[in-house]
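Please open the structure in your viewer and keep the selection panel at hand. The tour below goes from stop to stop, with something to select at each one.

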Amino acid sequence: MSHTGKNVSQLSALIQSGALDPQELIEQTLDAIGSFDDQSIFIDLTEKRAKQEAEAASRRIREGRSMGLLDGIPVAWKDLFDLEGRATTAGSTVLAQNVAAERDADVVTALQQAGMVCVGRTNMSEFAFSGLGINPHYGTPRNPASKDGHRLPGGSSSGAGAAVGAGLVPVAIGTDTGGSVRIPAAFNGVVGYKASRGRYSMRGVFPLAKSLDSLGPLTHTVRDAIWVDAAMCGKAAPDVVSPPSLNDLSFVVPETVFFDGIEDGVANAFEGALDRLARKGVRVRRQSFPSFTALFDLIKDKGALVTAEAFALHKARLEGAEAEGMDPRVVARTRLGANISMPDYIAINDAREQMIAEFSKLVGEDELLVSPTLPHVAPKIEPLLADDDAFFAMNGKTLRNTQIGNFFDWCGVSIPCGRGDADMPVGLMLSGLFGKDEHLLAIALAAEETIRG
């Protein structure tokens with residue numbers, strides 16, 4: 001009997017009881033990945049390491065020395081996290097010849113110390129600079145929820161979303177600079193938690209824009225995300241144990257920007273989830289936020305913060321021979337950063353600081369924003385490969401809702417809330433103020449079953 005496709009809680013119960021050996025689980029996991037009909041989900045498998053770590057977990061558990069709830073659980077890493085002895089390629093072939101990492105990224109070490117088993121690295125948008133997940137070098141993973149052809153997995157943590165969505169691994173760790181955890185979570189019908197920026201160590205993580213970069217797990221359930229978050233923070237056990245009563249919850253629906261151009265199927269799934277929450281006693285109010293419109297006005301006037309920082313990071317690469325080996329769309333989007341002057345960059349940061357302060361006064365300390373994660377379901381890939389204008393338009397629309405949270409320094413979680421067009425998954429996003437992660441996760445845990453319906 002294969003145990004792939006189960007969530008962390010289910011696997012943990014089997015492992016801790018002795019009903020499932022971690023070595024058996026990792027063999028099933030590697031077999032499932034190797035035989036899966038889409039071989040573009042993973043860039044790199046760490047089979048030898050995985051088997052060694054599973055063997056160590058098996059021995060610990062047999063001897064009564066379990067490292068906790070996550071001992072023996074497989075985990076996959078986006079190709080931005082250093083793994084000892086392997087080059088971190090960031091979804092790009094131009095880094096394939098880089099020197100291998102001398103040690104694991106800090107968060108990789110943290111999950112290893114919790115007993116998790118490293119399976120390998122997942123595919124992604126090159127240099128994490130797209131919300132769609134298209135990669136011309138390693139192939140573009142197919143959305144496993146699609147029943148009508150190749151639909152996109154979302155980016156930039158494309159392989160992470162597809163790997164969990166397909167049931168190949170119970171946990172994959174991604175990064176989120178403009179939505180790169182929450183977008184693939186929504187597209188693939190899984191949970192994606194974007195932690196507050198700086199919640200975890202960033203040492204050993206290839207950056208995109210350091211003032212926006214954050215990390216987080218993609219999992220099957222909120223509880224799984226809570227367990228993994230605690231381990232990434234170096235905690236022996238999670239702080240979030242019992243969820244609050246739904247009668248104590250208060251949500252704010254942002255009426256500005258989030259619903260512009262929304263598909264009917266997405267709107268219906270979202271409003272259905274809101275109705276279920278309200279019937280359970282959750283207080284829901286709606287409010288406009290002019291600062292969200294101001295953000296996009298700022299981007300039109302001065303440019304995007306992520307573009308400025310990505311250009312600074314890759315300037316030498318773009319001016320050299322390496323640019324010829326990069327995705328032309330990534331090159332074109334990154335080069336836009338050359339148009340953002342230093343005074344503009346400072347003005348963007350000053351405006352950001354002011355807008356964050358103003359927004360924090362408009363919501364209650366315990367309130368969360370509730371919104372559609374995305375205004376549409378996962379699109380088909382073919383029209384976007386054929387038309388650059390269509391690609392850039394769809395990429396901008398896909399990143400729109402989630403990037404607001406990065407700019408305003410929120411934490412956030414996307415939870416499946418139903419199905420939209422073509423029977424594709426729809427995500428509902430809960431967002432909290434910076435540093436309110438435990439509060440966000442506790443409420444997400446309380447509300448998840450109702451949100452899913």
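Predicted model: local features only at pLDDT ≥ 70, side-chain atom pairs only at ≥ 80, totals over all residues.

**Stop 1: helix α7**

Select residues 222-232, which form α7. How many of the residues of α7 are buried? The count is 10 of 11, so α7 is largely enclosed by the rest of the structure. The buried residues are Val222, Asp224, Ala225, Ile226, Trp227, Val228, Asp229, Ala230, Ala231 and Met232. Now move just past the end of α7 and pick glycine 234, where phi is positive, at about 80°.

**Stop 2: α1 against α7**

Two packed helices are described by the angle between their axes and the distance between the axes. To see the contact, show the side chains of Val8, Ser9 and Ser12 in α1 together with Arg223, Asp224 and Trp227 in α7. Sorted by class, the residues of this contact are two nonpolar, two polar and two charged.

**Stop 3: valine 191**

Select valine 191, which is found in strand β5, residues 191-194. Is valine 191 buried or exposed? Its relative accessible area is 0%, and a residue under 20% counts as buried, so valine 191 is buried. Leaving aside neighbours within four places in sequence, its contacts include Pro217, Leu218, Thr219, His220, Thr221 and Val222. Further along the sequence, valine 191 is also in contact with residues including Val413, Ser414, Pro416, Glu448 and Arg452. For a sense of scale, draw a distance from valine 191 to isoleucine 299: the two are 108 residues apart in sequence, and their C-alpha atoms are 29 Å apart in space.

**Stop 4: the second largest pocket**

Return to the end of α7 and select Ala114, Ala231, Lys235, Ala236 and Ala237. Of the 15 residues that line the second largest pocket, these are the closest to its centre. The pocket holds about 230 Å³ of space. Which elements give two or more residues to its lining? They are α4, residues 106-113, and α7, and α7 gives the most, with three residues. The lining has 11 nonpolar, three polar and one charged residues.

**Stop 5: the largest pocket**

Next, select Ala304, Val306, Thr307, Arg333 and Gln403. Among the 31 residues lining the largest pocket, these lie nearest its centre. About 620 Å³ of space lies in this pocket. Colour α9 (290-302), α10 (305-319) and α14 (388-407), the elements that give two or more residues to the lining. The most comes from α14, with eight residues. By class, the lining has 17 nonpolar, 12 polar and two charged residues.

**Stop 6: α2 against α3**

Select α2, residues 22-35, and α3, residues 47-62. Their axes are 7 Å apart, and the helices pack at an angle of about 155°. An angle over 145 degrees counts as roughly antiparallel, and that makes α2 roughly antiparallel to α3. On the α2 side, show Pro22, Gln23, Ile26, Glu27 and Leu30. On the α3 side, the residues they meet include Glu47, Ala50, Lys51, Ala54 and Ser58. The contact divides into seven nonpolar, two polar and five charged residues.

**Stop 7**

Most residues other than glycine have a negative phi, and most peptide bonds are trans. The last selections include some exceptions.

- Pick alanine 90, in the loop between β2 and α4. Its phi is positive, near 55°, and alanine 90 counts as buried at 0% relative accessibility.
- In the loop between β2 and α4, select serine 92 as well. Serine 92 is buried, also at 0%, and touches Glu126, Phe127, His137 and Tyr138, not counting residues up to four places away in sequence.
- Move to aspartate 409, in the loop between α14 and β10. Its phi is positive too, near 65°, and aspartate 409 is buried, with a relative accessible area of 11%.
- Finish at glycine 155 and serine 156, which are joined by a cis peptide bond with omega about 0°. Serine 156 is in the loop between β3 and α5.

Terms used: Residues numbered from 1 in each chain as written. Heavy atoms only, no water. 1 Å grid on protein atoms, 1.4 Å probe; cavity = no way out; pocket = protein on both sides within 12 Å on 5 of 7 lines; lining within 4 Å. Points joined across faces, edges and corners; volume = space filled by probe spheres on them. Helix = DSSP H or I, 4+ residues; strand = E, 2+ residues; numbered from the N terminus. Nonpolar A, V, L, I, M, F, W, Y, C, P; charged D, E, K, R; others polar. Contact = heavy atoms within 4.5 Å. Buried < 20%, exposed > 50% of the residue type's maximum accessible area, 1.4 Å probe, protein only. Axes fitted to C-alpha atoms, helices over the stretch in contact; angles between N-to-C directions. Parallel < 35°, antiparallel > 145°, perpendicular 65-115°, else oblique.
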